[in-house]
Amino acid sequence: MIVDLRSDTVTKPTPEMLQYMIQAPVGDDVYGGDPTTKRLEDKMAKMFNKESALYFPSGTMANQVAIKTHTQPGQEIICHKLSHIYYYESGGPAFHSGLSTCLLSGDRGHLDPDDVENHINPPDDVHRPPTALVSVENTMNKGGGSIYDFNKLVEIGKICKKHNLKYHLDGARLFNALAETEQTTEDYGNLFDSISVCMSKGLGAPVGSVLMGDSKFIKTARRYRKMFGGGMRQSGFLAAACIYALDNNVLRLKDDHRRAKLLSTELKKLNYVQSVAEVETNIVLFKLDPKINADNYVSQLENDGILTMHMGYNDVRMVTHLGIDDNMINKTIDVIKKYKIQHY
């Protein structure tokens, strides 16, 4: 038995999801003729109280098109220094949109409202790029799946309105946050100018993300999606999987969170683990003792059938998802308990 804890992107369609996919009515979405893709977009727009939505082949493309749509070359975006749009999207804001990036620090990947306001450039200062956009990520991948305090998001939103800035949410794992808080999809839709949500992580669809905003924003985003090479033809087969995921895989996210917390509890007991980040959702991020080589540790786990990810320095990540059951968690715990610091 292989236990793949590298990411929640490794999930595969269940037989029920596959059956739903092959039965989907489809057309050419570039011509606006795919009914299942339209159904997904309408479903998401309604869910988040937005006027319109657009289906993308990846979360990175959805984020980068959102950034491109909100900004002009020579402007600046504010985001956390560990945010996905900066750290994991290949320099997209600079390459695609010609933007300067203002990188802020913050606990577990969260921006502080006062820090955001203090880093907004004066619009009449010709020496500095005009600030145009603030982007936040919830849950925060590099923050160990941490959930933003919604009140802080509201405060940042007020600052954006005050300074006439656009406000984007990279909500790749937003449904994980919603599973643990009292907020609703409508609450987020009413707060942000644009939201991207990934379907191929915790929700378990094989491909795709959805970007939401007002009709004018999505009309422009559709043009940029085509320019970026993201126009798909019979995308309804993939969109059907996303619809199935929304209807069947949201409530079960709490199971992933429970299993992640169990892993965290056991990791804290091990003498070779220096620290474990607080687990709020499905990501377990832990730091190994400095005596241990993280690459060797990850390789040893792989030899024992446990796939994890080295996240830099001595940080290792485990992510639970719908492909992981209790037996797999028990196997993982048995394996990690075998190791002692002298092994390294």
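**Helix packing**

Mentor: In this predicted model, Glu16, Met17, Tyr20, Met21 and Ile22 of helix H1 meet Phe237, Leu238, Ala240, Ala241, Ile243, Tyr244 and Ala245 of helix H11, where contact means heavy atoms within 4.5 Å, and helices (H or I, at least four residues) and strands (E, at least two) are DSSP runs numbered from the N terminus. By class, the contact of H1 with H11 has 11 nonpolar, no polar and 1 charged residues; Ala, Val, Leu, Ile, Met, Phe, Trp, Tyr, Cys and Pro count as nonpolar, Asp, Glu, Lys and Arg as charged, and the others, Gly among them, as polar.

Mentor: On conventions, residues are numbered from 1 along each chain as its sequence is written, and side-chain values use heavy atoms, with hydrogens and water left out. Local features need pLDDT of at least 70 and side-chain atom pairs count only at pLDDT 80 or more, while totals for chains, interfaces and linings use all residues.

Trainee: At what angle do H1 and H11 pack, and how far apart are their axes?

Mentor: Two packed helices are described by the angle between their axes and the distance between the axes. For H1 (residues 15-22) and H11 (residues 236-248) the angle is about 135 degrees and the axes lie 8 Å apart, with axes taken as lines fitted to C-alpha atoms, for helices over the stretch in contact, and angles running from 0 to 180 degrees between N-to-C directions. H1 and H11 are therefore oblique to each other, since angles under 35 degrees count as roughly parallel, over 145 as roughly antiparallel, 65 to 115 as roughly perpendicular and the rest as oblique.

Trainee: How does helix H2 pack on H11?

Mentor: H2 (residues 35-47) packs on H11 at an angle of about 35 degrees, with the axes 7 Å apart. By class, the contact of H2 with H11 has 8 nonpolar, 3 polar and 3 charged residues.

**Strands**

Trainee: With which strands does E3 pair, and in what sense?

Mentor: Strands of a sheet pair through backbone hydrogen bonds, either parallel or antiparallel. Here E3 runs parallel to strand E4 (residues 100-104), joined by 5 bridges, and E3 also pairs in the parallel sense with strand E5 (residues 131-137) over 3 bridges; two strands pair if DSSP finds at least two bridges between them. Glu76 has Ser100 as its bridge partner in E4, and Ile78 has Val134 in E5.

Trainee: Which way do the side chains of E3 point?

Mentor: In a regular strand the side chains alternate between the two faces of the sheet. Glu76, Ile78 and His80 point one way from E3, and Ile77 and Cys79 the other way. Because 5 of the 5 residues of E3 (residues 76-80) are buried, E3 is largely enclosed by the rest of the structure; buried means under 20% relative accessible area, exposed over 50% and partly exposed in between, with a 1.4 Å probe and protein chains only.

Trainee: What is the strand order in the open sheet of 4 strands?

Mentor: The order is E9-E10-E13-E12, with antiparallel pairing, and the edge strands are E9 (273-276) and E12 (309-310), each pairing on one side only. E9 and E10 form a hairpin with 6 residues between them.

**Backbone geometry**

Trainee: Where is Tyr313, and is it buried or exposed?

Mentor: Tyr313 sits in the loop between E12 and E13, is exposed with a relative accessible area of 75%, and has a positive phi of about 55 degrees although it is not a glycine. A cis peptide bond joins Asn138 and Thr139, with omega about 0 degrees.
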